[in-house]
Amino acid sequence: MYQLPDLKLFLRIAETGNLSAAARDLGLLPATASASLKRIERQLDCRLFERTTRSMRLTQQGELFRDYCASALQVLADGEAALNDSRKALHGQLRISAPADWGRNVLRPWLDAFQTAHPQLGLTLQCSDYRSDLFRDPFDLAFRYGRQDDSTLIAQEMAANERILVASPAYIKLHGTPKTLDALRQHNCLLHNLNQLRTNIWRFRGAGGLTEITVSGNRVADDGGVVRAWAVDGLGIACKSRLDVQEDVRAGRLVHILPQVRGPDWPLYAVYPHRDSVSPAVRAAIAFVRGRLSQTP
């Protein structure tokens, strides 16, 4: 188990490039700081820094661990702040953007419960698969799928996720279950067209590595909820986010087909513009949704 002072020291050394300076900033003796760093490296079984007589530079492993370490400490800090906020009455207006399907069917009832706990808080929810510009559009918080590359935004990973293949029992009864990825070419595939991007190339990971399959179908939508509804109605096979359809799979409305192959990682993130200006309502909403996600099998 990692100790928080050790992780804070590691990040401070990474920032300053000097163990003595980091120790001084944190009020530690150099010997204590050195022992703390050795404790982390021993637990990870790797060297985190390349050491010279004057400075310390992160190794490749150190750079990788730094990002996860910073994220973990930020989540803890945000959780502590949200806990403090939860003891206070939240008020004002909270404006949230979320993916269409997940926003309508999963997030909306969660936010209803959140608003019941905070009756003085107003809520605006936009459910759309088009990404809003958080600096231009009037949103305080967005939930987004996929890796976040915009360094101007703060992003917290909320849940692991991936794309899976699903079809209704009615479709399978009528058309059969594809036994291989190549067999998808013979089926009606429901396409999700976003930002005019070509969506008939589906990518999967298997034992042999990455596989691309060009599929076709007679229905295309720019809304993930429409694609999901078509699949439930038995009109074709969909490649959907697991978080969007897991309740349908559990209820038997959809069947997870070809479970031995996996789509690309598609994690869910909470995204907001500025950490320093984030409101108590945003912190509390993130903590609430994270709690609900942790309770989801």
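Biologist: How many residues of β5 are buried?

Modeller: 5 of the 5, so β5 is largely enclosed by the rest of the structure. Buried means under 20% relative accessible area; exposed is over 50%, and partly exposed lies in between (1.4 Å probe, protein chains only). Strands are DSSP runs of E with at least two residues, helices runs of H or I with at least four, both numbered from the N terminus.

Biologist: What sort of model is this?

Modeller: This is a predicted model: local features need pLDDT of at least 70, side-chain atom pairs count only at pLDDT 80 or more, and totals for chains, interfaces and linings use all residues. Residues are numbered from 1 along each chain as its sequence is written, and side-chain values use heavy atoms, without hydrogens and water.

Biologist: Back to β5. Which residues sit on each side?

Modeller: Leu-141, Phe-143 and Tyr-145 are on one side. Ala-142 and Arg-144 are on the other, and both faces are covered. In general, side chains in a regular strand alternate between the two faces of the sheet.

Biologist: Which strands does β5 pair with, then?

Modeller: β3 and β14. The pairing with β3 is parallel, over 2 bridges, and Ser-97 stands opposite Ala-142. With β14 it is antiparallel, over 4 bridges. There Tyr-145 faces Leu-268 and Arg-144 faces Tyr-269. Two strands count as paired if DSSP finds at least two bridges between them.

Biologist: And what is the strand order of that sheet?

Modeller: β4-β3-β5-β14-β6, an open sheet of 5 strands with mixed pairing. β4 (121-127) and β6 are the edge strands, each pairing on one side only. The twist averages 20° from one strand to the next.

Biologist: Which strands does α5 touch when it packs on the sheet?

Modeller: β3, β4, β5 and β14, where touching means heavy atoms within 4.5 Å. The direction of α5 makes about 175° with that of β4. Axes are lines fitted to C-alpha atoms, for helices over the stretch in contact, and angles run from 0 to 180 degrees between N-to-C directions.

Biologist: At what angle do α5 and α9 cross?

Modeller: Roughly 115°, with the axes coming within 10 Å.

Biologist: Which residues of α5 and α9 meet?

Modeller: From α5, Trp-102, Leu-107, Trp-110, Ala-113 and Phe-114. From α9, Ala-281, Ala-284, Ala-285, Phe-288, Val-289, Arg-292 and Leu-293. By class, that contact has 11 nonpolar, no polar and 1 charged residues. Ala, Val, Leu, Ile, Met, Phe, Trp, Tyr, Cys and Pro count as nonpolar, Asp, Glu, Lys and Arg as charged, and the others, Gly among them, as polar.

Biologist: What about the largest nonpolar core? Which residues touch the most other members?

Modeller: Trp-102, Leu-141 and Phe-143, out of 29 residues. A core is a set of buried Ala, Val, Leu, Ile, Met, Phe, Trp, Tyr and Cys residues joined through side-chain atoms within 4.5 Å. β3 (92-98), α5 (100-117), β5 (141-145), β6 (154-159), β14 (268-272) and α9 (280-294) each give two or more residues. The largest share, 7 residues, comes from α9. Apart from this core lies another, of 18 residues, among them Leu-9 and Leu-48.

Biologist: What does Leu-141 touch?

Modeller: Its contacts include Ile-96, Ala-270, Val-271, Val-282 and Ile-286, not counting residues up to four places away in sequence.

Biologist: New topic. What is the order of the other sheet, the one with β7?

Modeller: β11-β8-β12-β7-β13, again open and mixed, with 5 strands. β11 (220-221) and β13 (255-257) have a single partner each, so one side of each is left without a neighbour in the sheet. β7 (163-167) runs antiparallel to β12 (237-241) over 4 bridges. Ile-164 stands opposite Lys-240 there. Helix α7 (224-232) lies across β8, β11 and β12, at about 170° to β8.

Biologist: Last one. How many helices and strands are there overall?

Modeller: 9 helices and 14 strands. Of the 297 residues, 43% count as buried.
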